[in-house]
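Please open the model in your viewer and keep the sequence panel beside it. The stops below follow one another as selections, each with a short account of what is there.

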Amino acid sequence: VVTWNVGTAMPPNDVTSLLHLNTGATNDADMIAIGLQEVNSKLNKRLKDALFTDQWSELFMDVLSPFHFVLVSTVRMQGLFLLVFAKYYHLPFLQDIQTDCTRTGLGGCWGNKGGVSIRLSIFGHMVCFLNCHLPAHLEKAEQRKQDFATILHMQQFEGHAASGILDHDLVFWFGDLNFRIESLDIRFVKYAIDSNILSQLWEKDQLNIAKSTWPVLSGFQEGPLNFPPTFKFDVGTNKYDSSVKKRKPAWTDRILWKIKSPSTGPGVGGCQPSQGVLSVSQLCYCCHMEYTVSDHKPVAAIFAVQFASKADNPPVEIYVADEWSRPEQAVVKYKMAADFHRSSWDWIGLYQVGFRHPKDYVSYVWARSDDEDSCTEKQVCAQVVFSEEALPKGKGEYILGYYSNNSSSIAGMTEPFQV
């Protein structure tokens, strides 16, 4: 999970270190959520396949696609951005994807402040990513609490699985939460940073104080702040604010998580029936001082989330030959799960390995919707054929994906094969 207030800046040339890529197999992530604040919100004229693209999204897709990450979903509210990526082979197990946004700026009229969320089912577990930009300034702590409560109250999703944010099995809450350091003067704060005695600042951090006093924050966890405050820097440097305002450094940029507490039935007492179903451990929580395009430093966290999979098979299983060396081999057979709701607008896309998002196909064919009655559990339901014109001209590695119009997601995917 990454959060970064980019201060309307242009993207840097390289974000590899920020995304912890090339770090070896131990930290090889399966999913990446990126929350940005203060993205330059002037309208971008380029629209591609109804996917709203901008320089930041393009950069992250360009950097992540060679590592087999695909953009699962994105949501934008003015300068507030949230992007969720996953390794392509997980896509069929990421379902029920929904987004929401809540404006809290100017009394709820303006989207410069507020929250944007992407929620989805990951192998049958409901997970919500919430990126917030809360009100600035030391004295606005109470307003931050109210705005967070408003965002939690306003955001509602369709379906019975998890209608509110806190109904999800796991919530990641992050962003420029704008909490400041109380009562200590700027000289002491800078002395503590320079001397690396950050613990003396923790107890005066407004969010740490609020965790024990605000019911709305009950259950939210955060790793230790073993990195220096990430705000406010002179742009282009690692020096704290040297302007006339001399703003006090603060940990404004944060990443927290909350596991849904198990519902204890009557008479169960203190035991936890669903203990061990889902656990989270934080492997890393750090800021990235090497980025200087903004007055904030980006913050990243790596989590290991353990759970039992509730989904062994994808909604759609696709069968294809290991190689298409002649046009007549371009036959695709597929089988749908009994509870899969298909649409006449579903299609099967042919993707080059390293594709960026679900509509980044080389070609596609509509998924047929006849043969409905002849489906039995053991039987392949339907087949489609790619015409010779639809096949790529050069050789390469490709993947087939079944795109579900109802869920706006890929419901089935093959292993890579040669064309």
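For sorting residues by class, Ala, Val, Leu, Ile, Met, Phe, Trp, Tyr, Cys and Pro count as nonpolar, Asp, Glu, Lys and Arg count as charged, and the others, Gly among them, count as polar. This is a predicted model, in which local features need pLDDT of at least 70 and side-chain atom pairs count only at pLDDT 80 or more, while totals for chains, interfaces and linings use all residues. Residues are numbered from 1 along each chain as its sequence is written, and side-chain values use heavy atoms, with hydrogens and water left out.

**The whole chain**

Begin with a cartoon view, in which the chain shows five helices and 21 strands; helices (H or I, at least four residues) and strands (E, at least two) are DSSP runs, numbered from the N terminus. Buried residues make up 51% of the 419 residues, where buried means under 20% relative accessible area, exposed means over 50%, and partly exposed lies in between (1.4 Å probe, protein chains only). Among contacts (heavy atoms within 4.5 Å) between residues at least 6 apart in sequence, 67% join residues at least 24 apart.

**The two cavities**

The next stops rest on a 1 Å grid over the protein atoms alone: a cavity is a set of points where a 1.4 Å probe fits but cannot get out, a pocket is an open set with protein on both sides within 12 Å along at least five of seven lines, and lining residues have an atom within 4 Å of a point. Grid points are joined across faces, edges and corners, and a volume is the space filled by probe spheres set on the points. By this rule there are two cavities of 30 Å³ or more.

Select Val72, Leu91, Leu94, Ile97, Pro358, Ser408, Ser409 and Ile410, which line the largest cavity, a space of about 50 Å³. This lining has six nonpolar, two polar and no charged residues, and β7 (94–105) and β20 (409–413) each supply at least two of its residues. Domain 1 (2–306) and domain 2 (316–418) each contribute at least three residues to the lining of the largest cavity, the domain bounds coming from an automatic or database domain assignment.

Then select Ser65, His68, Phe69, Val70, Tyr88, Val353, Gly354, Phe355 and Ile399, the lining of the second largest cavity, which holds about 30 Å³ of space. Here the classes are six nonpolar, three polar and no charged residues, and at least three residues again come from each of domain 1 and domain 2.

Move on to the second largest pocket, with about 670 Å³ of space. Of the 30 residues that line this pocket, the closest to its centre are Ala29, Asp30, Met31, Phe303 and Val305. The elements that give two or more residues to the lining are β2 (31–37), β9 (125–133), β10 (170–176) and β13 (299–307), and β13 gives the most, with seven residues. By class, the lining of the second largest pocket has 24 nonpolar, four polar and two charged residues.

Which residues of helix α3 (residues 186–194) are buried? Val189, Ala192 and Ile193 are, and, seen down the axis of α3, they fall within an arc of 100°, so they line one face of the helix; the arc is that of the directions from the helix axis to the C-beta atoms. On the other side of α3, Arg187 and Asp194 are exposed, whereas what covers the buried residues includes α4 (199–202).

In helix α5 (residues 206–213), select Gln206, Leu207 and Ala210, which are buried. They cover an arc of only 90° around the axis, which puts them on the same side of α5. Among what covers these buried residues are α2 (141–154) and β11 (253–259).

**Backbone stops**

Most residues other than glycine have a negative phi, and most peptide bonds are trans. Select His20, in the loop between β1 (2–5) and β2, where phi is near 55°, a positive value in a residue other than glycine; at 16% relative accessibility, His20 counts as buried. Asp96, in strand β7, also has a positive phi, of about 55°, but at 30% relative accessibility Asp96 counts as partly exposed. Finish at the peptide bond from Phe231 to Lys232, which is cis, with omega near 5°; Lys232 is in the loop between α5 and β11.
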